[in-house]
Amino acid sequence: MKDKAETISFIKNNETLSVNQIYDGAILQLYQNEVRLPNGQTAKRELIHHLPAVGILAETKNNEVVLVKQYRPAIADEIYEIPAGIIDQVEGQLEEPLIAAKRELNEETGYASAEWIFNSKFYISPGYIDEAIYLFFAKSIEEAKEKLDQDENEEVSHYLFTAQQVREMIKNGEIIDLKTLYALSIWLNSLEV
């Protein structure tokens, strides 16, 4: 664990005064650290280190977007999302985000693309978790020649939606995942230009 901890920004930060790991899981670690704040005071902070992830806004030649629907135990509900997943560790090294994006799109939807555009890297809730999400746009998706199996613990279905359908789904509160709302907002705005 020590080698892994040395790569975590909030641990190697000079303003981290003490580190107390509370939990060590497969994809995340929970810490209660003492940190020095910009005003000079100290405070205890519960922080989660989470492996980075990718999200893919995948669009067909007909300007439809693919969304997946899956059950999320944390909210006890099935929700629509863009295809996404954790960046795997291969022999102790994180795979390249684009490789992870191509793999996740294929695993979750059976689609592939020859045209990939990196959009942004962002954090959903940096107040307590360091999970970075790399957002890619996959253009002119089509059925993959070689389809990958979904992960054993996943049961994901996918659907194609037009821009009008997406607008209605957002308006009706059918899309509630933040990374998905962010990606779809960028996509919808690009269609209006």
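**Close-up views of a sheet and its salt bridges**

**View 1. Glu115 and its bridge partner in β13.** Glu115 has Lys139 as its bridge partner in β13. This is a predicted model, in which local features need pLDDT of at least 70 and side-chain atom pairs count only at pLDDT 80 or more, while totals for chains, interfaces and linings use all residues. Residues are numbered from 1 along each chain as its sequence is written, and side-chain values use heavy atoms, with hydrogens and water left out. Strand β13 (residues 132-139) pairs with β12 in the antiparallel sense, over 8 bridges; two strands count as paired if DSSP finds at least two bridges between them. Helices (H or I, at least four residues) and strands (E, at least two) are DSSP runs, numbered from the N terminus.

**View 2. The open sheet of 4 strands.** The strands follow the order β8-β5-β13-β12, and their pairing is mixed. At the edges lie β8 (84-86) and β12 (115-123), each of which pairs on one side only. On average, neighbouring strands of this sheet are turned by 20 degrees against each other, direction ignored.

**View 3. Helices α3 and α5 on the sheet.** Helix α3 (residues 97-109) packs on the sheet and touches β5 (53-58), β8, β12 and β13, its direction making about 60 degrees with that of β5. Helix α5 also packs on the sheet, touching β5, β8, β12 and β13, and its direction makes about 40 degrees with that of β13. Contact here means heavy atoms within 4.5 Å, and the axes are lines fitted to C-alpha atoms, for helices over the stretch in contact, with angles that run from 0 to 180 degrees between N-to-C directions.

**View 4. The salt bridge of Lys179 and Glu81.** The side chains of these two residues, Lys179 and Glu81, form a salt bridge with an N to O distance of 2.6 Å (a side-chain nitrogen of Lys or Arg within 4 Å of a carboxyl oxygen of Asp or Glu). Lys179 belongs to helix α5 (residues 178-192) and Glu81 to strand β7 (residues 77-81), so the pair ties together parts that are 98 residues apart in sequence. Both Lys179 and Glu81 are buried (under 20% relative accessible area, where exposed is over 50% and partly exposed is in between, with a 1.4 Å probe and protein chains only).

**View 5. The salt bridge of Glu143 and Lys147.** The side chains of Glu143 and Lys147 meet at 2.5 Å, N to O. Glu143 is partly exposed at 45% relative accessible area, whereas Lys147 is exposed at 52%.
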